[in-house]
Amino acid sequence: MVRSHELLMSLVCVGVVAVLGMILWHAAVVVFDLPKLLLPTPQQVAEAGWTHRSELIRSGAITLWTATVSLMVAIVFGGGLSILFSQSQLLRRAFFPYVIFLQTVPIVAIAPLLIVWSGYEFRTAVIATVVICLFPIVNNVTTGLMSVRPEHRDLLQLYGATRWQRLVYVQLPTAVPYLVLGARVSSGLAVIGAIVAEFFVSNGADYEGLGALMTGWQGRTMTDALMAALAVSTLLGLVLFGGVNLLSHWLLKRYLRVD
């Protein structure tokens with residue numbers, strides 16, 4: 001009951017801030033007499049969203065699929081890398097800096113190279129998005145795998161547990177909450193990465209993701225439709241984040257004491 005009340009209060013606060021923000025936005029357009037091409041009113045953005053609802057729904061679904069597939073690939077690939085890093089200090093020292101390197105390189109800088117190597121294909125958008133999502137998962141899961149309590153480590157040594165037994169019975173369960181935290185962070189990054197990748201992939205292919213749609217509308221100076229697409233992209237991020245949270249509660253309930 002207390003948790004439901006807190007959730008309701010949070011939703012009310014978020015709603016009040018959103019309403020106040022739209023009132024200020026509308027007032028700024030009216031007071032400064034801003035043209036629609038520069039900044040449309042919230043009502044004009046809503047009308048544009050309704051007019052182009054079919055394109056937004058179709059493109060949003062493609063972008064959501066790209067982000068979801070990329071997040072799943074990042075979880076599987078990043079989890080595997082983290083297990084290798086936890087089992088070998090040499091591998092961790094040799095390769096972990098390259099994972100950090102991927103995080104520091106802007107995706108707009110490597111996207112043209114990915115297109116050269118992989119073409120204007122769906123897989124190129126997935127690869128670019130995986131690059132963005134990988135670091136939070138590898139960093140969190142590796143930290144979790146290395147965070148075994150000293151008393152647990154001593155107990156395993158006392159009973160002569162093998163490396164495999166330590167991994168399966170202690171390290172992996174310890175790392176599960178860290179995996180959930182990494183997946184939460186990467187879920188928001190996945191939508192951003194998918195849209196940025198679509199900006200490039202759409203240049204040479206019949207790709208209909210949200211990024212491709214926004215590129216076309218930007219060329220036609222459709223500011224109101226662009227802002228409607230921005231709202232849809234935000235909604236996609238919330239949907240993916242909520243999906244990760246629901247899946248976490250369903251599958252990993254016993255480990256979710258970590259916030």
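Predicted model: local features only at pLDDT ≥ 70, side-chain atom pairs only at ≥ 80, totals over all residues.
The chain is built from 10 helices and has zero strands, and its C-alpha trace spans about 75 × 55 × 30 Å along the principal axes. Of the 259 residues in the chain, 39% are buried.

The largest nonpolar core has 32 residues, and Leu56, Leu210 and Trp217 are the ones with the most contacts inside it. Two or more residues of this core come from each of α2, α3 (53–87), α6 (122–145), α8 (163–201), α9 (210–219) and α10 (223–251). Apart from this core lies another one, of 11 residues, which includes Val131, Ile132, Val196 and Tyr207. Going back to Leu56, and leaving out residues up to four places away in sequence, we find that Leu56 touches Gly49, Leu210, Leu213, Trp217, Ala228, Ala229 and Val232.

Now to the aromatic rings, where the count comes to two pairs. In one of them, the ring centres of Phe85 and Phe96 are 5.9 Å apart and the planes meet at 75 degrees, so this pair is edge-to-face, the cut-off being over 60. Phe85 sits in helix α3 and Phe96 in helix α4 (residues 89–104), 11 residues apart, and the pair links distant parts of the chain. How do the rings of Phe96 and Phe135 lie relative to each other? Their centres are 6.5 Å apart and their planes stand at 50 degrees, so that pair is tilted. This second link runs from Phe96 in helix α4 to Phe135 in helix α6, 39 residues apart. Taken together, Phe85, Phe96 and Phe135 form one aromatic cluster. Phe96 counts as buried because its relative accessible area is 16%, and the limit for that word is under 20%.

Finally, is Leu38 buried or exposed? Leu38, whose place is in the loop between α1 (2–31) and α2 (42–51), is exposed, since its relative accessible area is 58% and the cut-off is over 50%. The C-alpha atoms of Leu38 and Pro97 are separated by 43 Å, and these two residues are 59 residues apart along the chain.

Conventions. Residues numbered from 1 in each chain as written. Heavy atoms only, no water. Helix = DSSP H or I, 4+ residues; strand = E, 2+ residues; numbered from the N terminus. Buried < 20%, exposed > 50% of the residue type's maximum accessible area, 1.4 Å probe, protein only. Core = buried A, V, L, I, M, F, W, Y, C linked by side-chain atoms within 4.5 Å. Contact = heavy atoms within 4.5 Å. Phe/Tyr/Trp six-rings, centres within 6.5 Å; stacked < 30°, edge-to-face > 60°.
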